[in-house]
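Subject: Handing over a structure, with notes

Dear colleague,

I am passing on the structure below, together with my notes on what was found in it. Please read the notes with the structure open beside them.

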Amino acid sequence: MAFPLDDLRLLLSMARNRKFRGKSESNSPLLEALDPVRHILLSHPTLSRVVSPIIGQDKFWMEIMNSGGLTHLADLIAGLIARASELSGDRFRTAAAELNGLLSPVPAEDPVVLPGELDAGYDAVLFYGMTFKEPLYITEGMVVIPYEQVRRFVDKPLVNELAPPAAGFHGWQALGAVVRPFRWRPAFQRTGYPRDVVPRKPGSFFRDALVFLDLLAVAHATPVPHLAFIEDHIDRSASRLLGRSVHKGSHRLGRSAQSFDGFDLCPEPTPKALDEAKEAHKNRSSKRYARYAKTVSRLSDALVMDGRFADEDRIVKVSIALEQMYDLPQSKISRELRNRASSYLEADSASREGIRKRVNEFYSARSSIVHSRPSNVPSQTISEAFDKGFDIARRTLFKLLREGPPENWGEETTAKKRTT
């Protein structure tokens, strides 16, 4: 077990107290060991700048990710002991090297980092619903990581609070995070007076991460709710090394996943669907994507809806998405959708007829719902109708994002009818 940091800090705090020094001879070996370690730490240029060389005057201000407080050299010593107890091999040498790294400036050019290095900080969007076993690089500065790497900087109580009740049954493997890693360093000064500190800002990262999760969900036709937005989190071992019991960045809640029981195995990404999501995300700043951005969000929302009437509501959402994508007129909606979808998605007569049949089944269920006749439709029929309608919407969306719509939907449909 790792040494409890708070107990170590208390012990060393008592040891440096003058009244305590004179009360117990049994502490003399500890006191004799503290002074040379203190002098070694003071030899580091970063600490020598902010700590007084006078014994007993070793307070200084340490700030981690815009959260600061008074610290003592004894706290760093406690942190070294606590961190060394987590390691194997040449434990204290490794811990000392890690502390030296945190006290040194960030290299001018440093590659994007993943969990495992103590000076890696993270902004992240925690999600549930897909199983990632390896990191997935989306774009520069944005990576999807599995739960085993998330747990280094996200506290377990937060995961327990946000994840479905039985998500741990499968080892939390359906949890992951879209992260933006960055290098960080603690800041030091003699006192805690206000400084001109420019706080980090996540910028567009959270928005871009949500776009990817929506695309990922739609491409795989599976719900991927985002559980929380996490900002300025660092590895817990880095906090311990610096003598802090814990450093918690800020977070705010996303969607609730409590309607999922957590027992179902969540799918792994498939190459084709993953490529579709990544390509669309890469072009998210284009005019074409902007035209269908609401459709992406609407289809993703349909997958995660819950409540008594979720099946009916999600069919309505998909029907709205289809009507907007196919630019349908106000009348004869079902017929026009059958014609346009079959002509746009398929090239041969048999395949087009299959699309027409699925659209007809979907819109039959949709009409029963909209006209207050859901009791006439079995729940299994509604669920099957949703799957068929969503598949058509999904295929349509990604083709539109790749190729765009025809210049005139009506003329496109008429021309393809003539050729067949």
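Over which ring does the charged end of R314 sit? The ring is that of F386, and the charged end of R314 lies 5.5 Å from its centre; for a charge to count as sitting over a ring, NZ of Lys or CZ of Arg must be within 6 Å of the ring centre and within 35 degrees of the ring normal.

Before going further, please note that this is a predicted model, in which local features need pLDDT of at least 70 and side-chain atom pairs count only at pLDDT 80 or more, while totals for chains, interfaces and linings use all residues. Residues are numbered from 1 along each chain as its sequence is written, and side-chain values use heavy atoms, with hydrogens and water left out.

**The chain as a whole**

The protein chain has 17 helices and nine strands, where helices (H or I, at least four residues) and strands (E, at least two) are DSSP runs numbered from the N terminus. Of its 420 residues, 49% count as buried, a term that means under 20% relative accessible area, with exposed meaning over 50% and partly exposed in between (1.4 Å probe, protein chains only). The accessible surface comes to about 21300 Å², and 51% of that belongs to carbon and sulfur atoms; the areas come from the Shrake-Rupley method with a 1.4 Å probe, and for residues only the protein chains shown count as cover. Taking contacts (heavy atoms within 4.5 Å) between residues at least 6 apart in sequence, 75% join residues at least 24 apart.

**The cores**

The largest nonpolar core has 60 residues, and V178, V318, L322, Y326 and L397 are those with the most contacts inside it; such a core is a set of buried Ala, Val, Leu, Ile, Met, Phe, Trp, Tyr and Cys residues joined through side-chain atoms within 4.5 Å. Helix α9 (residues 205-220) gives the largest share of this core, 11 residues. Another core lies apart from it and has 36 residues, among them L87, A95, L118 and W184. If residues up to four places away in sequence are not counted, L322 touches L337, F362, G389, I392 and A393.

T396 belongs to helix α16 (residues 379-403) and counts as buried because its relative accessibility is 0%. Its side chain makes a polar contact of 2.6 Å with the side chain of Y326; a polar contact is a pair of N or O atoms within 3.5 Å, and within protein one must be able to donate a hydrogen and the other to accept it, while residues adjacent in sequence count only if both atoms are side-chain atoms. Neighbours within four places in sequence aside, T396 is in contact with M325, Y326, Y344 and L345. One of these residues, Y344, has K399 lying over its face, at 4.4 Å from the ring centre.

S237 is found in helix α10 (residues 236-241) and is also buried, since its relative accessible area is 13%. The side chains of S237 and E86 make a polar contact at 3.0 Å, and S237 touches R83, E86 and L118 when residues up to four places away in sequence are not counted.

**Aromatic pairs**

There are 11 aromatic pairs, counted when rings of Phe, Tyr and Trp (its six-membered ring) have centres within 6.5 Å, with planes under 30 degrees apart called stacked, over 60 edge-to-face and the rest tilted. Y122 and F153 are stacked, because their ring centres are 4.4 Å apart and their planes stand at 20°. This pair links distant parts of the chain, 31 residues apart, with Y122 in strand β3 (residues 120-128) and F153 in the loop between α7 (147-150) and α8 (156-162); both Y122 and F153 are buried.

Y147 and W172 form a tilted pair, at 6.1 Å centre to centre and 35° between the planes. Y147 lies in helix α7 and W172 in the loop between α8 and β6 (175-183), so the pair ties together parts 25 residues apart in sequence. F205, F206 and F229 are linked into a cluster by ring pairs.

W172, buried with a relative accessible area of 14%, has a phi near 60°, a positive value in a residue other than glycine. A221 is not a glycine either, yet has a positive phi of about 55°; A221 is found in the loop between α9 and β8 (226-234) and counts as partly exposed, at 41% relative accessibility.

With best wishes
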